[in-house]
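Hi there,

Here is the structure I promised to pass on. Please have a look, and you will find my notes just below.

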Amino acid sequence: MSNAIELQHIRKYFASSQVLACDDVSLSVESGEVHAIVGENGAGKTTLMSILYGLLTPDEGQILIKDSPVRITHPNDAIRNGIGMVHQHFKLVPSFTIAQNIMLGIEPNRAGFINVNSEAEQVRNLAESFGLPVNPDLPVREISVGMQQRVEILKILQRNAQILILDEPTAVLTPQEVREFLTVVRRLAGTGRTILFITHKLAEVKAIADRVTTMRRGRNVGTHFAKDQTIRDMANLMVGRVVTLTVEKGPAHPGETVLQAENLLVAGADGIPAVFGASLDVRAGEILGVAGVSGNGQTELVEAIVGMRPVDGGTIRYLGQNITHALVRERREAGLAHIPEDRLTTGLNLTTNLDENVVVTSYQHKPYSQQGIFSFAPIRALAQEIIDKFAIKSARVGEPIKTLSGGNLQKIVLGRELKGDPKLIIANQPTRGLDVGSIEFVHKTLIEARDKGAAVLLVSVELDEILALSDRIAVMFAGKVLAVLDAKEATEEKLGLLMAGSLELHEANAERAHV
Amino acid sequence: MNTQAQDSRRYIRLALTAIIVVVAILVLLNLPITLLQSSIRLATPYVLGSMAAIVASRAGVLNLAIEGMMLVGSFIAVAVLYRTGLDPLAGALAATVAGGILGMVFAILYLRIRINLIILALAVNLFISNATVYFMRTQFDAFGTLADPSIRALPTLTLPIIDQIPFIGQLLSGHNAVVYLSWIMVVVVWVILFRTQFGRHLRAVGENKAAAESVGINITRIQVFALTFSGMLAGLAGSFLSIGVLSQFVDNMTDGRGWTAITVSLFAFEQPIAAFFTALFFGLSEALSFYLQARPELALPPDLLLALPQIATIAALVIVALRIRAGELLKRREFAAQFGRELSKLRQGQIAGD
């Protein structure tokens, strides 16, 4: 079989961040194959694909397409060579229609004037020929995420791409959408197209890929047939040591109810209720996982509970006390900890140093300040304590933190928030963007806190994480908590259906059957 | 969902618009025709200026240097005519070219040398304002005003057939070439933005740079073109002030009209056709200011009359802000219409003392 692409000895060094992102990487991909590229964050997967797509220029090495060397210095070169890429963050123009987005840059025109009819016609034909139906006249801002992804795929197919690069394509999809997406990938491979996809979900690799290449610290540490490898093999290869995939945790010993939210009504950024009658409760010594496709009110729910967003209706009780309208500081003093969704803007202040970041929640107390004046020695001691306790490798007392990796930054947040054994921990996407090693650490830390008797509310869009950590699982859809399941009876299938909001559908069907 | 409510709302909105249009026409018909004619004429810098603003911001660059670009046009038009004694149209052309060059320089400084947009716009506006004064003094020995009998204003044109129609003919005929050109430019800008490949790319760049870049559109080229075109439109607008109404250049002649033009484009939500009508309204406010000043028998405070266009500007900006807010309210009301009962139930759970 011939090679669709061959990458030879690719090397890329980023001088600004002093990172050797690709270190002598060679890779060959056959035509018609689905080739997965896995690796931890910062392993160089995306850099390698950006080089192939012409977004970055390698320092050394060459690219061969169908065994002949090509120079790719711009996405246009890549497109000309039949390479298309679907980026992790979609690159669509919201006010343009589906047809206008698909044809952007290659509009059928006469003397610069666009032929609108032929445009819609071409899109309709294209969609039909690949069995990916779309309505060409719908504006992109009005369609679902899954549909937007379809538009992106059609966009590169319209450019006659024979090699499709997909960067974390399933990260934003519900389990049902993922399944549909995987069949589309299979169908495209069946037409002789080559699919390269970057992912960190190893189960998907097993399900769809012919071969899998694992990258670690900028190197290709092995290409294997997917069917010959277990998920554990791949994980070990990714991290370079043996990892425990399942989180070890004993049974929960739930105590009194710590957090009780009832019929919450919380407005989103546009003033429309984002949380719309959500109720849940978390007890001491248990982890309540909140699952859901992102954008179903989880962020607003968390912000309401921690006091960052006003509550329009309903009550929040903390250890029996009504804190619905309490200040953030009042809640924190009472023992609430918050690991925010975005550690770079909400969790930490990257423009200042480690000391200020760790003392920011307790600076008003002795010994960190007296009569409004900082006492620096105890602050430094606190910073050192957190470094030691959480093994934050490259952090130094008094030094800036903006050069630290995501995992180390999250350790700083954890260290600050878990100090003094809080009674309630709100963790929103605590492992987003972290590598396997750091994820393991965060998970262990949360379970330890639970075992010490803290109530933990864990919000995550990663189903695996929810299933691994939670004692009970609440599913949010359209601002409501649709159901709370015991973790033992929750399956990915069941959660997926709930996440798509289809419980109502089932109930409606059941009711109809009764009548 | 809820299409009936949406439909009825649309009818209400249409009816309201129709009523406003009818009232506006009735009011306008009762105004003296000379006032209307000068409104149309005085709207020209706003028409061209707002097109300049629209072209730039549709390409993703807020052109805050329109004021300076207009001023360059005003000055160059008069300077060229004074030095060469050519036909006034040559002055308008020179102003357009000068505005275009300034637009291109602006684009290069911003896109290539990456100077902060706000600082750059402030610098350009201040620089042009002072440079025109400097050149007036050193090159033309003029203080405050550059005027000479040899500088001719743009001649008025009579439109052949339209001229014969009563009222309309009086209204539309008898303006100078730049006025008619500004109307043509509205159509040209609309066609470019919404019917050509270049315009589609321009709007894509303005809305999502990454999307345009990923399909191989050259963003820098599009933005340089857009800013150059924007500068040309602004330069032409400036020439209207110096050789369209008068035939002289005065210190700081644009007098904030470039900023008003940006307001016009904002008010029209960057739609060329809507901007044209908004510009006419600003023309009316300016004409009205002159008209009432010339009537001392009405005993209106002169300061207030002078401020009329500025008051109109502030009113327009307030309306823009309210409209954006109204959009939010509307969405909220739609939600309430759909889930009203549930919503009020949840609201009642609200604790006392809130």
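**Where chain B meets chain A**

In this predicted model, the contact draws on 40 residues of chain A and 30 residues of chain B. Together the two chains bury about 2900 Å², with 61% of that on carbon and sulfur atoms. On the chain B side, the residues that lose the most area to chain A are B:Gln197, B:Arg200 and B:Leu346, which together make up 24% of what that side buries.

B:Arg200 turns up again among the charged pairs: its side chain meets that of A:Glu119 in a salt bridge, at 2.8 Å from N to O. The count of salt bridges between chain B and chain A is 1. For polar contacts, the count is 11 residue pairs, with both residues at pLDDT 80 or more.

Which helices of chain B supply at least two residues each to the side that touches chain A? They are α8 (177-195), α9 (197-207), α10 (209-214) and α15 (308-348). The largest share comes from α15(B), with 9 residues. By residue type, the side of chain B that touches chain A divides into 10 charged, 8 polar and 12 nonpolar.

A word on confidence in chain A: the average pLDDT is 88, and 95% of its residues score at least 70. A stretch to treat separately is residues 508-515 of chain A, where pLDDT stays under 50 and the model has 0 contacts beyond four places in sequence.

Happy to talk any of this through.

Best wishes

Key. Residues numbered from 1 in each chain as written. Chains lettered and ligands numbered in written order. Heavy atoms only, no water. Contact = heavy atoms within 4.5 Å. Buried area = accessible area lost by both parts, 1.4 Å probe. Salt bridge = Lys/Arg side-chain N within 4 Å of Asp/Glu carboxyl O. Polar contact = N/O pair within 3.5 Å; in protein donor to acceptor, adjacent residues only side chain to side chain. Helix = DSSP H or I, 4+ residues; strand = E, 2+ residues; numbered from the N terminus. Nonpolar A, V, L, I, M, F, W, Y, C, P; charged D, E, K, R; others polar. pLDDT = per-residue confidence, 0-100.
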